[in-house]
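Dear colleague,

I am handing over the structure below, together with a summary of what was found in it. Please read the summary with the structure open beside it.

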Amino acid sequence: MEAFIKAEHVSFHYENEDEHQVVQKNVLEDLSLTINKGEFVAILGHNGSGKSTLAKHFNAMFLPSDGKVFVDGIDTSDEEKKYDIRTRVGLVLQNPDNQIVASIVEEDVAFGPENLGVPAEEIRKRVDSALKAVEMYEYRMHAPYKLSGGQKQRVAIAGVIAMEPSCIVLDEPTAMLDPRGRNEVLTTIEKLNREKGITIILITHYMDEAVKADRVVVMDEGKILLDGAPREVFSHVEILKKHRLDVPQATELMHRLKSHGVNINEMPLTASECIKQLEAILK
Amino acid sequence: MNVLETENLRFVYGENTPFEKVAVDNLNISIEKGEFVGIIGHTGSGKSTLVQLFNGLLKPSTGRVLLNDVDIWEKPKEIRKIRFQVGMVFQYPEYQLFEETVYKDISFGPKNMGLSDEEIDKRVRDAAKFVDLKDSLLEKSPFELSGGEKRRAAIAGVLAMDPEVLILDEPTAGLDPMGRDVLLSHIHAYHKTRQNTILLVSHSMEDIARTADRILVMNESKAAMFSNTAEVFSHGKELIEMGLQVPQITRIMMSLREHGYDIKPGILTVEEALQVLLQKIEKEGAAHGS
């Protein structure tokens, strides 16, 4: 596996002036993490755990106070390479309304590649293929404000895809969406990862989204608390709960049955796994 | 007794223009005093329009909204009073904090109601207590608070008006799981103590399952279902067709039921499921003589 993003001993702090004294706030502390090309990584952590700050280091929006971040081998602190980094790593934020700039869907998607100086013909191709990838092609002439939340968020993702990044970082992209919208966005993300090989870094509070990733990284107090496959990470029910996090209800149920002495070997992650196990127990 | 009631309520955006859109269509529902009602529906289903009709932010195109049997638009000039009685916490309410101190921000509502300073002070402190904001935070600027604290301060501002009906629109959006739990338990405790009516609009089926007595399901501008929580969540297929979901635990238990196991429909929490399963396992164990 080839490393795509490498964070080496990254610390990030900022200074807060409180009355007369300067207080240093440490958001990230000596954090090291490697994300491989083509991986789908979910990052979990309570509010204030440092996960959004970490994500902003991946496209040089923030630079480490100490340590280094490399994106595709490029040092993010190299001011001249900022542009190269931003074309490789696209960022999708929580609120789709803050990310849409144009009054027609396809113009919005074209905004990124236009700024990159991509020739007009090539832009046309990219916009069409990006809109098809998120299944919004038939809405290309619509006004974004008339779309549903899930549709808007998919347009925002198309805008990032049109820049042809090798990696997309999504910071709680479904927090404001209804269940259908969440599902649409998640399906889109999975498809981009599987079919186009785009590296995905998904920051989320939803455990059912995290179980779809190849790998789950749990942050706490600016450090990495757990890092592994979803099944492995979610088996640490007690640790997760202690750090203000949740597990999927399916996992919690089986964990609690187990603590009541019911014989359960492997913790389920999804509803269907849980149903199978329960049927075996009840038989 | 009904606290809120709608009579053939209809609301149309951009009436008589090419953009005309019916957002609430001939709705007849009633909400009893002291109920905790969850409102669900996909984006654009009409639920936000409905709650804005409830507190007089929007005026019905036709039909009426009754608060304690009186049409809220009977005296249009006094509609402000309705907004004190039907308090509304909007999405991301922390963006609306604006005063120099948290105390001043929370007191803004009661001040507008023309209450005495003494009463205002009592209300501010009570409201802060309900959402667990420490006294020491009251003199701080709202901008010094953490995200979760800001959200709670904004909610306290509405609680301080002591509304008879409290409407919360997506109060937990963007909070982490623990923040969500804490806020919901504050709301629950407030409901228990004050015995007032609460309407909670949410996309989180888990939040709704844990708190609501009844659920109003809005779909295509109409009330598709309005029934007790267990009953509504036993209609998984219909909800999914409307772009909604049921809590994962409910889905698991319903599926066992469909596979022939004797399990009651509409199980809403992990705790409830655990008890049902433990009982079944014990029985089976005894029957098998193990």
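Two residues are taken to be in contact if their C-beta atoms, placed from the backbone, lie within 7 Å. Please also note that this is a predicted model.

With that definition, I begin with Gly109(B). This glycine touches Gly157(B), Val158(B), Ala160(B) and Met161(B), leaving aside residues up to four places away in sequence. Gly109(B) belongs to helix 3 of chain B, which spans residues 102–112. Is Gly109(B) buried or exposed? It counts as buried, because 24 C-beta neighbours lie inside 10 Å. Between Gly109(B) and Val124(B) there are 9.7 Å in space, C-alpha to C-alpha, and the two are 15 residues apart in sequence.

The domains of chain B

The domain assignment divides chain B into domain 1 (2–233) and domain 2 (247–290). The centres of domain 1 and domain 2 of chain B, taken over C-alpha atoms, are separated by 35 Å. Eight residues from domain 1 of chain B and five residues from domain 2 of chain B take part in the contact. On the side of domain 1 that touches domain 2, the elements giving two or more residues are helix 7 (205–211) and helix 8 (229–233) of chain B. That side of domain 1 of chain B comprises four nonpolar, one polar and three charged residues.

Strand 9 of chain B covers residues 197–201, and five of its five residues are buried, so the strand is largely enclosed by the rest of the structure. In a regular strand the side chains alternate between the two faces of the sheet. In strand 9 of chain B, Thr197(B), Leu199(B) and Val201(B) point one way, while Ile198(B) and Leu200(B) point the other way, and all are buried.

Which strands pair with strand 9 of chain B? Strand 4 of chain B (residues 36–40) pairs with it in the parallel sense over four bridges, and strand 8 of chain B (residues 165–169) runs parallel to it and is joined to it by five bridges. Strand 8, helix 6 (residues 177–194) and strand 9 of chain B together make a right-handed β-α-β unit.

The loop between strand 8 and helix 6 of chain B contains Glu170(B). Phi of Glu170(B) is near 50 degrees, a positive value in a residue other than glycine. Glu170(B) is buried, because 20 other C-beta atoms lie within 10 Å. Asn16(B), which is not a glycine either, has a positive phi of about 60 degrees. Asn16(B) is located in the loop between strand 1 (2–13) and strand 2 (21–27) of chain B. Asn16(B) counts as exposed, because it has 6 C-beta neighbours inside 10 Å.

The contact between the chains

Chain B gives 34 residues to the contact and chain A gives 35 residues. On the side of chain B that touches chain A, helix 5 (147–159), helix 6, helix 10 (248–258) and helix 11 (270–287) of chain B each supply at least two residues. Helix 11 of chain B provides the largest share of that side, eight residues. By class, that side of chain B has 16 nonpolar, 14 polar and four charged residues.

The sheet and helices of chain A

Chain A has an open sheet of six strands in the order 6-7-8-3-9-10, with mixed pairing. Strand 6 (89–92) and strand 10 (223–228) of chain A are the edge strands, each pairing on one side only. From one strand to the next, the twist averages 20 degrees. Strand 6 and strand 7 (residues 167–171) of chain A run parallel and are joined by four bridges, with Val169(A) in strand 7 as the bridge partner of Leu91(A). Helix 6 of chain A (residues 179–196) lies across strand 3 (40–44), strand 7 and strand 8 (199–203) of chain A, and runs at about 155 degrees to strand 8.

In helix 3 of chain A (residues 105–115), the buried residues include Val105(A), Val109(A) and Pro113(A). Helix 4 (120–133) and helix 5 (149–161) of chain A are among the elements that cover the buried residues of helix 3. Just after helix 3 of chain A, Gly117(A) has a positive phi of about 80 degrees.

Yours sincerely

Definitions and conventions: Residues numbered from 1 in each chain as written. Chains lettered and ligands numbered in written order. Predicted model: local features only at pLDDT ≥ 70, side-chain atom pairs only at ≥ 80, totals over all residues. Domains from an automatic or database assignment. Nonpolar A, V, L, I, M, F, W, Y, C, P; charged D, E, K, R; others polar. Buried ≥ 20, exposed ≤ 12 C-beta atoms within 10 Å, placed from the backbone. Pairing = 2+ DSSP bridges. Right-handed = clockwise from strand over helix to strand, strands pointing away. Axes fitted to C-alpha atoms, helices over the stretch in contact; angles between N-to-C directions.
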